[in-house]
Amino acid sequence: MADIRITNCHVHTFTDAHVPEFFPHPAAWPLKRIPGLARAARVALAFIGQERLAESVERLIRFRQTGAAGTQARILAEIARQYPYGTRFVVLPMDMAHGGWGAPKRPLSAQHDELAAMAAESEGRVLPFATVDPRSDDSVTEARRAIERLDFRGLKIYPRIGFPPDHEALMGTLYPLMVERGLPVLSHCSRGGVTGRGLSVRRADALTDPRAMLPVIEAHPALRICLAHFGGQRDWDSYIRDGLDPGDAGARRRNWLASILDMLRDHAYGPLWADISFTLFARPHYLPFLKVFLEDEAVCARTLFGSDFYMTRQVETSEREVSVRLRQTLGEDTFRAIAETNPERWLGER
């Protein structure tokens with residue numbers, strides 16, 4: 001099937017300059033700034049039996065190595081090597097200036113401008129999305145600039161940083177703009193990832209819950225929305241390991257994987273989608289479950305291929321290895337649906 005044009009609907013190319021110095025915690029600053037300290041800490045933690053902490057430091061090292069590449073183009077070149085020539089990448093920036101860690105070295109406008117230049121030189125392989133923190137008027141203005149003047153292809157939101165997906169600036173300004181231009185929205189939807197500093201886990205989960213998107217769907221039924229990560233690893237693990245109590249009417253609602261499956265099956269929720277980014281790359285044993293889920297035509301028609309690079313740098317397997325295993329497990333027809341046909345529909349190209 002050499003004629004397939006894969007679209008990876010979820011990658012990142014932001015660099016250290018776009019991440020606040022004290023993210024994810026001020027205590028991590030020395031590990032990021034002093035050469036060799038992080039590796040020494042990893043060895044020491046492993047030696048005293050703190051394997052989980054040692055693994056966390058190792059992930060920080062890999063994340064830092066990619067972010068230190070210097071330019072977004074260099075990071076994109078690293079991921080492009082993992083895919084066939086002609087693969088397209090939906091590139092999602094991050095606005096972390098309002099999450100409680102201080103301001104990054106380079107503002108969101110510079111991140112958008114660099115991404116726009118990269119897209120212009122990519123012969124259509126880079127599909128840039130704008131991002132926004134709706135709590136900031138400046139961020140909203142910048143997101144509009146990226147969409148209206150730089151012709152970005154969609155909008156990425158990250159409620160877990162500290163805002164609801166139905167924030168008034170989104171509902172009254174940006175979502176109507178996306179509908180007017182026929183552009184999609186992608187929202188972070190897992191219990192992991194970046195959480196606003198000082199935000200309780202309970203509150204962060206409430207903002208990120210897939211059903212927090214229902215007021216948006218009701219108010220903007222023509223808006224094509226993707227729930228990224230298909231609910232995330234914790235809910236996939238719970239679904240597989242613990243199951244769901246059939247006598248508990250709220251069990252499926254509380255499990256984000258089951259909740260998203262139900263939402264995708266329910267036509268009342270309009271043009272709703274979900275991508276498999278990082279979740280399916282972090283846990284290869286999820287693949288048989290995904291194959292069964294995608295046997296449901298309603299679910300298959302609304303599922304998108306994505307990897308979440310460079311989060312995938314935190315695992316040992318390469319994107320090429322996982323993607324080929326995914327393709328072999330799903331079969332050519334289903335893989336084409338999630339990697340070519342569905343992305344084109346979600347992007348508004350079909």
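Before you start: a residue is buried under 20% relative accessible area, exposed over 50%, and partly exposed in between. Keep in mind that this is a predicted model.

**Exercise 1.** Work out whether Arg 153 is buried, partly exposed or exposed, then find its link with Glu 349.

*Solution.* 
- Step 1: Arg 153 has 23% relative accessibility, so it counts as partly exposed.
- Step 2: Its side chain meets that of Glu 349 in a salt bridge, at 2.8 Å from N to O.
- Step 3: This pair joins distant parts of the chain, 196 residues apart: Arg 153 sits in the loop between helix 6 and strand 5, and Glu 349 in the segment after helix 17.
- Step 4: Glu 349, at 32% relative accessible area, is partly exposed too.
- Step 5: Zoom out, and both belong to a salt-bridge network that also includes Arg 5, Arg 88, Glu 344 and Arg 350.

**Exercise 2.** Find where Glu 321 and Arg 325 lie, and say how their side chains meet.

*Solution.* 
- Step 1: Both are in helix 16 (residues 319-330), four residues apart, which is about one turn of the helix.

**Exercise 3.** How many salt bridges does a search of the whole structure find?

*Solution.* 
- Step 1: Recall that side chains of opposite charge can pair when their charged atoms come close.
- Step 2: Searching the whole structure gives 22 salt bridges.

Technical notes: Residues numbered from 1 in each chain as written. Predicted model: local features only at pLDDT ≥ 70, side-chain atom pairs only at ≥ 80, totals over all residues. Heavy atoms only, no water. Salt bridge = Lys/Arg side-chain N within 4 Å of Asp/Glu carboxyl O. Helix = DSSP H or I, 4+ residues; strand = E, 2+ residues; numbered from the N terminus. Buried < 20%, exposed > 50% of the residue type's maximum accessible area, 1.4 Å probe, protein only.
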